[in-house]
Amino acid sequence: MALDQSFVGRTYPPSPVYEVGRAKIKEFVDAIGDTDPVHRDPEAARAAGFPDVVAPPTFTTILNLELINTIVSDPKLGLDYGRMVHGDQSFEYHRPVVAGDRLVAVGSVQSIMSRAGNDFIVLKAEITTEAGEPRVTGTAQLVVRDAGADT
């Protein structure tokens with residue numbers, strides 16, 4: 001079943017506020033093996049010019065993935081999650097995310113196209129502070145494989 005083209009241009013409501021804490025940054029850098037002290041030590045972060053410990057660039061994947069899941073699970077879109085694969089991902093960084101930031105994410109459907117029986121959907125996530133200060137713009141392309149490919 002083809003994805004509903006009327007979703008192109010649709011914007012979803014903002015996510016709940018995500019408060020970035022030192023403990024969450026530490027958990028994340030532990031998980032990815034990043035040992036840079038600016039992610040763990042407030043003094044090292046301040047010495048490097050940040051107001052508090054700074055999150056690594058991939059930290060906002062936490063919000064981005066939740067936003068993608070919200071969009072692709074919308075039953076009216078018609079996306080078969082079992083046939084979806086991740087095609088491409090890019091991020092544009094506006095300012096570093098630091099402990100104490102209160103972030104919100106707004107997602108939108110940028111495009112939907114079909115090629116060789118597969119659907120391609122491009123999603124955009126604007127991650128800002130609660131006050132609207134830009135932090136990261138993420139773009140993801142998802143591919144929904146043709147159901148006939150299994151036969």
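Aspartate 52 is found in the loop that runs between helix 2 and helix 3; helices (H or I, at least four residues) and strands (E, at least two) are DSSP runs, numbered from the N terminus. The model is a predicted one, where local features need pLDDT of at least 70 and side-chain atom pairs count only at pLDDT 80 or more, while totals for chains, interfaces and linings use all residues. Residues are numbered from 1 along each chain as its sequence is written, and side-chain values rest on heavy atoms, with hydrogens and water left out.

With a relative accessible area of 13%, aspartate 52 is buried (buried means under 20% relative accessible area, exposed over 50%, partly exposed in between, with a 1.4 Å probe and protein chains only). Its side chain meets that of arginine 22 in a polar contact of 2.9 Å. Such a contact is a pair of N or O atoms within 3.5 Å; within protein, one must be able to donate a hydrogen and the other to accept it, and residues adjacent in sequence count only if both atoms are side-chain atoms. Leaving aside residues up to four places away in sequence, aspartate 52 touches Arg22, Pro42, Ala45, Arg46, Val98 and Ala99, where contact means heavy atoms within 4.5 Å. Proline 37 is partly exposed, because its relative accessibility is 43%. Between proline 37 and valine 54 there are 9.4 Å from C-alpha to C-alpha, with the two 17 residues apart in sequence.

Now for the whole chain. The protein chain has three helices and five strands, which run β-α-α-α-β-β-β-β from the N terminus on. The C-alpha trace spans about 60 × 30 × 20 Å along its principal axes, and 41% of the 151 residues count as buried. Of the contacts between residues at least 6 apart in sequence, 69% join residues at least 24 apart. As for confidence, the average pLDDT is 93, and 96% of the residues score at least 70; pLDDT is the predictor's confidence in each residue, from 0 to 100.

The five strands make up an open sheet in the order 1-3-4-5-2, with antiparallel pairing. At the edges are strand 1 (18-19) and strand 2 (84-93), each of which pairs on one side only. Two strands pair if DSSP finds at least two bridges between them. Strand 1 and strand 3 (residues 102-115) are joined in the antiparallel sense by two bridges: tyrosine 18 faces leucine 103 in strand 3, and glutamate 19 faces arginine 102.

Strand 3 then pairs with strand 4 (residues 118-129), again antiparallel, over twelve bridges. Serine 114 has aspartate 119 in strand 4 as its bridge partner, and valine 109 has leucine 123. These two strands form a hairpin with two residues between them, and alanine 116 in the turn has a positive phi of about 55°. Strand 4 is largely enclosed by the rest of the structure, because ten of its twelve residues are buried. Strand 4 and strand 5 (residues 134-144) pair in the antiparallel sense over ten bridges, with isoleucine 127 opposite valine 136. Their hairpin has four residues between the strands, and glycine 132 there takes a positive phi near 95°.

Rings come next. The structure holds three aromatic pairs. In one of them, the rings of phenylalanine 28 and phenylalanine 59 have their centres 5.4 Å apart and their planes at 75°, so the pair is edge-to-face. Rings of Phe, Tyr and Trp (its six-membered ring) pair if their centres lie within 6.5 Å; planes under 30 degrees apart count as stacked, over 60 as edge-to-face and the rest as tilted. Phenylalanine 28 belongs to helix 1 and phenylalanine 59 to the loop between helix 2 and helix 3, so this pair links distant parts of the chain, 31 residues apart. Phenylalanine 28 is buried at 17% relative accessibility, and phenylalanine 59 is buried at 0%. Tyr18, Phe28 and Phe59 form one aromatic cluster.

Two arginines also sit over rings. The charged end of arginine 10 lies over the ring of phenylalanine 7, 3.7 Å from its centre, and arginine 115 lies over the face of phenylalanine 120, 4.6 Å from the ring centre. A charge counts as over a ring if NZ of Lys or CZ of Arg is within 6 Å of the ring centre and within 35 degrees of the ring normal.
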